[in-house]
Amino acid sequence: MSAEEKRKKAPVIRTILRGVSLVYEAGQLKALLFHFGWILTGAVVSVSAVFNKNFLNAAADVVLGKGGAVRLALLWLLICSMVEIGERVVNMACARVAANMTWNMDYYISQKLFHKVAGIRMRYFDDREEQKRIRNVKGFSWNIWQVCTSAIQILRSCVVAVTAIAVLAGENWKIAALICLTSMPAVLIGKRQTDEQYYMAQGQSFDEKMQRYMGLVITNRKYVKEMHFYQLYDYMGEKFDKTVVGMMKQKVKFARKYLLAGLASDLVAYAAIAVSLLMISVDIFEGRAGIGSFLLVYSTAQNLQGTLKSLFAALDTIGDKGRYLEDYDAVMAYEEEEVDQGLDEEGGLEITFEHVSFAYPGSDREVLKDVNLTVHDGEKIAIVGENGSGKSTFIALLTGLYAPTKGRILINGRDISQMLGFLRERISCTTQDYFQLHGSIEDNVMLGDSLGPHNDGDVREALRKADLLDVVEGYEKKEKTRLGNLYEDSVDLSGGQWQKLAMARNLYKNRASLMILDEPTAALDPLAESKLYHDFSRLSGDKGVLLISHRLGATRLADRVLVFHEGTVEEDGTHEKLLAADGLYTQMYHAQAQWYVS
Amino acid sequence: MSFKSNDEFLKDNRIQLDFAVIRWSISQAFRMDMRTSVLWAVMSVLGGLLPAMFLSITKEIVDCIQANVQAGLNTDSILIFLAAMVAVLFVQSLFGRIPDVMWCSLRDKYAICMQKKMGEFMRRVPVRYLDDAETAKLIEMAEWNAEGGSLGKFICSVFDWCAAVLTLLSLLFVSWRTSPWLVFIAFAFLLVMVPYSMKIAKGDWKSWVDVAKNNRMADYHYARIFSEGDAKEVRLLNMKDFLFQKWRRDAEVVRDNNLVRDKRVTMANEIMETAIKIVECLVMFFGVFLLKRGSLTLGGLTVFVSVFGQLSGAVRNFAGNILQIYRQSCELKFSKQLFDTSFETEKGTQVRDKDAPDKMADGKKSVVFEVRHVSFGYHEDKEILHDVSLQVRRGETVALVGENGAGKSTLIKLLLGLYEPDSGELYFCGENYRDMDTEKLLERIGVTFQDFVRFELMVRENVAFGDISRVHDDKEIWRALEKGGASGVVKRLPQEIDTYIGRWYEKDGVRMSGGEWQRLAVSRSYISDKEILIMDEPAAALDPIAEMEQFYGIKNSLTACTSILISHRIGFARLADRILVLQDGRLIEEGTHEELMEKQGVYCEMFMNQAGWYDREVG
C-alpha cells in the first residue's frame with residue numbers, strides 16, 4: 001500500500017471547529033444550538049436512575065409492609081415520571097428545530113460546491129489527486145455533515161458519562177473506576193477496527209472496482225454482442241471470480257479476527273458488571289444500600305460502558321470524515337477561471353498566439369510547441385492534422401480552458417486571461433465529445449446560448465439549418481421531446497442525429513462571431529456530410545470559422561488551412577497554395593483523393 | 001442508472017406482498033449457501049428471544065436478593081444468578097456479533113451469485129431478445145438488483161422481521177408470567193402501537209418515493225458539474241447558470257420534502273416515545289398498587305419498568321422490516337421474472353446431437369455466405385432488411401455501401417449468427433445457420449464492429465478477444481497489432497501489451513483516443529489470421545494518412561481471404577471485387593466499381609458526390 005493511501009486522520013478539534021463554522025456559515029446555528037437541549041438531557045438518564053433507585057427501595061419496603069412506604073414509593077415514582085416525561089418533552093421541542101439542520105446543510109454545501117466546481121480551472125480535472133478530491137466532495141456532502149453530528153454526539157456522551165460516573169461513585173467509587181477501566185479494551189478494539197477497515201477498503205479499491213467492472217461486463221447488455229460472438233463469458237467469468245474470491249477471503253478473515261477480539265472485550269466488560277453487582281450485593285446485605293442500588297448499578301454501568309464506546313467511536317468518525325472536510329476546504333480554495341462580465345466591446349475578434357507552448361498538467365510532453373499565428377476576424381479556417389497532433393489542444397487554449405505554459409495568447413491585443421468573458425460571449429464552440437443533455441431537444445439547442453435572448457423561432461431555425469427539423473417534427477412533442485434515459489417518454493437519437501443536434505446548438509448562437517467545430521461530421525453518413533459542407537458558407541454567414549476535420553476535400557471551402565504536425569503548425573495557407581507546396585497537406589490530400597481518381 | 005421501480009413502490013399506499021417472489025428469493029438465497037444461510041437464520045431469529053430471557057433473569061435476581069435480604073445473608077445463590085447473568089449477556093453479544101460476521105460474507109456472496117446468475121442469463125439469451133424494450137427494462141432492473149445486493153437486504157429484513165415477531169411473542173409470555181394484568185395492558189399497547197408504527201414507516205418511505213424522480217434529476221444535473229468529460233463544454237458554453245437552475249428546481253423540491261418528512265417523522269416518533277413514557281409511568285403506579293396487594297413481587301415490578309421499552313423497539317422492527325420486505329420483493333420481482341424467462345428452443349442444440357460429419361471443416365465450398373430472401377427487423381413493426389439475397393464467394397472481397405440506417409451493420413450481425421432472419425435462409429459454406437452451431441463461426445471469421453466495445457482491460461486482452469485462446473501468445477498479439485496499425489501506439493505505452501487501458505479500476509491505466517481505440521479494434525480482427533474478415537467502418541476515427549495506411553493494410557490482407565468491407569469513404573469500395581449497394585434495407589445495386597459507375601445509379605451518385613470534393617485537382 002502506498003503512502004498516499006495511508007491517509008492520516010484529520011485532527012479532531014480543528015475538524016469540529018471547522019464543522020461548526022460551516023454550520024454557522026449555512027445559517028443553521030440556531031438548529032445546532034437546539035441540539036444543546038439534547039446534550040443536556042443526557043444527564044437525565046443517570047439522574048432518573050437515582051430516583052428510580054429510591055423508588056425501588058421504597059417499593060421493597062412496600063413488599064415488607066412497612067408503614068408509609070406506599071406514600072414514599074408513589075412520591076418517588078411521581079418525581080421519576082415527571083423527570084422522564086419532562087426530558088421527552090424537551091427532546092421533542094429540540095428535535096423539531098434540529099430536524100431542519102440536516103437537509104438545509106446538505107443543500108447549502110451542495111450549492112456551494114456547485115458554484116465552485118463549475119468555475120474551477122480545467123487543469124484540476126487533469127490532475128489525478130485533485131480529481132480524487134473533486135470526486136470525494138461530490139458524493140460526500142453527507143460526510144461533512146456527519147462531522148457535526150458526531151461533535152454533538154461527543155458532547156452528549158461526555159455529559160452522560162460524567163453523570164453516570166458520579167452516580168456510580170455515589171454508590172461505590174470502586175465500581176465507577178472498575179467500569180471505566182474495563183471499558184477500555186472495547187474502545188481500543190473498536191478504534192483499531194475502524195482504522196484497519198479504512199485501510200483495507202483503500203487497499204481493496206482496485207479489486208473492488210475491478211469486480212464492479214467485470215460484473216458490468218458480464219451482465220450489461222452493452223457488451224452482449226462482443227461477449228456472444230467472441231464467446232468471452234468463461235474468460236470474463238473467471239476474472240470476476242478471481243477478484244471476488246480473494247476479496248471475500250480477506251473480508252471474512254478480517255471479520256473473524258474482530259469477532260473474537262470483540263467477544264473478548266465484551267467478556268471483560270460483562271465480568272466487570274458482574275463484579276460490580278456482587279460488590280453492591282454485599283453492600284446491600286450489609287445494609288449499606290437498598291435493593292434499588294442493585295438495579296441502579298446495573299443500568300448505569302451498562303449505560304456508562306455503552307456511552308464510552310460511542311464517545312470514542314464518534315471521535316473516530318470525526319477523524320475519519322474530517323478527511324472529507326479537508327477535501328472540501330481544498331476544493332473551495334481552488335483557483336477559478338476569471339470570467340469578466342463580457343465587456344460590450346464592439347468590433348471584431350482577433351486572436352493571436354505568440355510563441356505558445358503547452359504541456360498538460362502533470363506531464364512533460366509538450367503537446368503544442370512554439371505556435372505563432374493570428375486568427376483574423378471573420379476568417380474561415382480549416383485545421384487538419386494527424387490524430388494527436390495538437391488540434392484539439394489548440395482549440396482548448398484558444399478558448400481559454402488552459403493557460404499556455406510558455407508564450408501568450410492575445411484577444412484583440414489584450415491577454416486572454418482578462419478577456420475570457422468577452423471571448424466566450426463571442427464564440428460558439430462544439431467539441432469532439434460534445435455535451436449530451438438528458439433533457440428536451442429545445443434545451444439541448446438552447447444550451448448553445450443559454451444566457452442570451454431566447455425565442456422559440458430561433459430554436460426551430462437552428463434545427464432547420466442543421467437539417468434536423470424534419471426528424472423533430474416527426475415526434476409528437478416536437479422540440480419539447482425529451483432525450484436520454486432519465487425519462488420514461490424519451491426518444492433515442494442516433495449518433496448522426498446527435499451530431500446534427502450539436503450543430504444546431506452551435507448555430508443557435510446568432511450573436512457569435514466565431515464558430516468553432518471539432519470534427520462535426522464524424523458520425524454523419526457521406527451524403528449528409530457532403531450536404532453540410534456544401535451549405536457551410538451559407539450557414540456560417542459572415543461569422544469566422546475554425547473547423548477541425550479529417551475530410552480534406554471540405555477544407556478547400558476555407559480561406560485558410562492550418563496543418564498541425566506534432567504540436568506545431570507545419571503549414572499555413574490557402575488550399576491551393578498548400579497543394580502547390582507539396583508538403584504534408586498535399587500528402588494527406590492525395591491519401592484521400594487517390595480513391596476517387598477515375 | 002435506474003431506480004424506476006421505486007417510483008411505483010407504495011404508490012397506492014397499500015402493501016401487497018407477493019408471496020411467490022418471497023418464496024423464490026428465499027429459496028435462491030438458501031441455494032447459494034445453504035450452511036451459512038441456515039446458521040444465520042437460526043442465529044438472528046433466535047436472537048429475538050433474548051430480550052424476554054433477559055427480563056426474566058433480572059426479575060429472578062431481584063426476587064432472589066429480596067428473599068435473601070429478608071431471610072438473612074446468603075451470597076452463594078446470588079453468585080449463581082450473577083454467573084447466569086454474565087452468561088446471558090455473553091450469549092447476547094454472541095447473538096449480536098456472529099450474525100454480523102455472517103452477514104458480512106453472505107451479503108457479498110448473494111450479490112456475487114446474483115451477478116453470476118445474470119451473467120449466465122446473458123450468455124444464454126438470444127441477442128434479439130435484448131432489443132425488446134420490455135426485456136431491456138427487466139435486465140436493467142435485475143442488473144441493478146444484483147449490483148445493489150437487493151437479495152441480501154431482503155433476506156436480512158426477513159430474518160429481522162421473524163426475530164421481531166419472536167421478541168413480541170416472548171415478551172407477551174414473560175408479561176403473562178409476571179402478571180395477567182400486564183399481558184392485558186401490553187396487548188392493548190400493541191393494538192395501538194403496531195398500526196401507528198406502520199403508518200409512520202409507510203409515510204417515511206412514501207415521502208422518499210415521492211421525490212425519487214426529483215432526486216434522480218437533481219443528481220444528474222449535479223453530476224455534470226463534477227464530470228471531467230463535460231467540464232470543457234460546461235465552461236465554453238457558460239452552462240453553469242442553466243444547469244444550476246435545473247438542479248435547483250429539483251434539489252429544492254427534494255430538500256423541502258425531506259425537511260417536511262423529517263419534521264413529521266421525528267415528531268411522530270417523539271410523540272410516540274412520550275406516549276410510551278406516560279404509559280410506562282401509569283403502569284408503574286398500577287404496579288405499586290399490585291405490589292401492595294401482594295400480587296406482584298419486586299422482581300415483577302422491574303418487568304413492569306422495562307417491558308414497554310422493549311415492546312416498542314420490537315414493534316418498530318416489525319413495522320420497518322415488513323416495509324423493507326415489501327420494497328425488496330417489489331425489486332426482486334424483476335429478477336425472478338427475468339430468470340424465469342424461457343426462450344423458444346434454440347437452434348443448434350437439437351442439431352448438435354445429430355453429430356453429422358462436421359460440415360464446417362469442409363472448406364472447399366466455393367460460396368462462403370449465401371443470403372436467400374432474408375427479411376429482418378429488430379422490432380416487429382419495423383423491418384430493417386427486405387428480401388435481401390446475395391452471395392459472397394471464397395476469396396472474394398465485397399464492399400457494402402449505403403447510407404446510415406440502410407441495414408449494412410444489421411446484415412453483418414445476421415451473417416455473424418447474432419440474429420436469426422425473420423424469413424428467408426442464411427447459409428455458411430453451404431450449411432444452413434439454423435442447423436449449425438453458430439459459435440463455430442468465430443474460428444473462421446475475424447470481425448471489427450462499428451461500435452466496438454472498449455474493454456477497460458489490458459491491451460493484450462483487448463486484442464486477444466478475437467481469439468481468447470491466444471491471450472498469452474505475445475508473438476501473435478504483436479503480429480495482430482502490427483497489422484492493425486497499433487503497434488506504434490502500443491510500443492509507446494509503459495507496459496506495452498500489459499498496459500491497462502482506462503481508469504475504471506486501474507488508476508495508472510492509460511487513456512486512449514478514438515483513433516487509438518479503433519486501431520486496437522481492427523487488430524482484434526486480425527488475431528489468428530482468420531480466413532474470413534469482416535470490417536465495419538475500420539477507419540472512421542483516423543486521420544487521412546492513418547486511414548490510408550489502414551486501408552492498404554486491409555488490402556494486403558484481403559488477398560489471402562474472403563472479406564466484407566463497410567466504409568463511409570465510398571472510394572475505398574474500389575478495393576473490393578464486387579460492390580453491394582443497400583438502400584432502405586434493399587439490395588439495389590451490385591457489381592464492380594466500373595459496372596456500377598457505368599450504370600449511373602445510386603452508387604455512382606454517392607461516389608461522384610464524394611469525388612467532387614477532390615476532383616478539381618485530381619480528376
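This section describes the overall dimensions, sheet, salt bridges, cysteines and selected backbone angles of a predicted model.

Chain A contains 21 helices and 10 strands. Its radius of gyration is 35 Å, well over the 25 Å that the globule rule gives for 598 residues, so chain A is more spread out than a compact globule. Along the principal axes, the C-alpha atoms of chain A fill a box of roughly 120 × 55 × 50 Å. Of the 598 residues in chain A, 56% are buried. The domain assignment divides chain A into domain 1, covering 12–332, and domain 2, covering 351–596. The centres of these two domains of chain A, taken over C-alpha atoms, are separated by 54 Å.

An open sheet of six strands is found in chain A, with the strand order β6-β7-β8-β3-β9-β10 and mixed pairing. Its edges are formed by β6 (427–430) and β10 (568–573) of chain A, each of which pairs on one side only. With direction ignored, neighbouring strands of the sheet are turned by 15° against each other on average. Within chain A, strand β3 (residues 380–385) pairs with strand β8 (residues 544–548) in the parallel sense, over four bridges. In this part of the sheet, A:K380 stands opposite A:V545 of β8(A). In general, strands of a sheet pair through backbone hydrogen bonds, either parallel or antiparallel.

A:R121 lies in the loop between α3 (69–119) and α4 (123–126) of chain A, whereas A:E335 lies in the loop between α11 (292–332) and β1 (351–359) of chain A, so the pair ties together parts that are 214 residues apart in sequence. Both partners are partly exposed: the relative accessible area is 23% for A:R121 and 41% for A:E335.

A salt bridge is also formed by A:D467 and A:K500, the closest N and O atoms being 3.8 Å apart. A:D467 belongs to the loop between α15 (456–465) and α16 (469–473) of chain A, and A:K500 to helix α17 (residues 495–508) of chain A; the pair therefore ties together parts that are 33 residues apart in sequence. A:D467 is partly exposed, with a relative accessible area of 33%, while A:K500 is buried at 18%. The backbone at A:D467 has phi near 65°, a positive value in a residue other than glycine. A positive phi, near 45°, is also found at A:E519, again a residue other than glycine. A:E519 is located in the loop between β7 (514–518) and α18 (526–534) of chain A. Its relative accessible area is 13%, and A:E519 is buried.

In chain B, the side chains of B:D262 and B:R261 meet in a salt bridge with an N to O distance of 3.6 Å. B:R261 counts as buried, with 1% relative accessibility. A network of salt bridges links B:D467, B:R470, B:D473, B:E476, B:R479, B:K483 and B:D529.

The search of the whole structure finds zero disulfides over all chains. A disulfide is a covalent bond between the sulfur atoms of two cysteines. B:C113 is partly exposed, with a relative accessible area of 21%. B:C429 counts as buried, at 5% relative accessibility.

Note on methods. Residues are numbered from 1 along each chain as its sequence is written. Chains are lettered from A and ligands numbered from 1 in the order in which they are written. This is a predicted model: local features need pLDDT of at least 70, side-chain atom pairs count only at pLDDT 80 or more; totals for chains, interfaces and linings use all residues. Side-chain values use heavy atoms; hydrogens and water are left out. Domain bounds come from an automatic or database domain assignment. A disulfide is a pair of cysteine sulfur atoms within 2.5 Å. Buried means under 20% relative accessible area, exposed over 50%, partly exposed in between (1.4 Å probe, protein chains only). Two strands pair if DSSP finds at least two bridges between them. Helices (H or I, at least four residues) and strands (E, at least two) are DSSP runs, numbered from the N terminus. Axes are lines fitted to C-alpha atoms, for helices over the stretch in contact, and angles run from 0 to 180 degrees between N-to-C directions. A salt bridge is a side-chain nitrogen of Lys or Arg within 4 Å of a carboxyl oxygen of Asp or Glu. The radius of gyration is taken over C-alpha atoms; the globule rule is 2.2 Å times the number of residues to the power 0.38.
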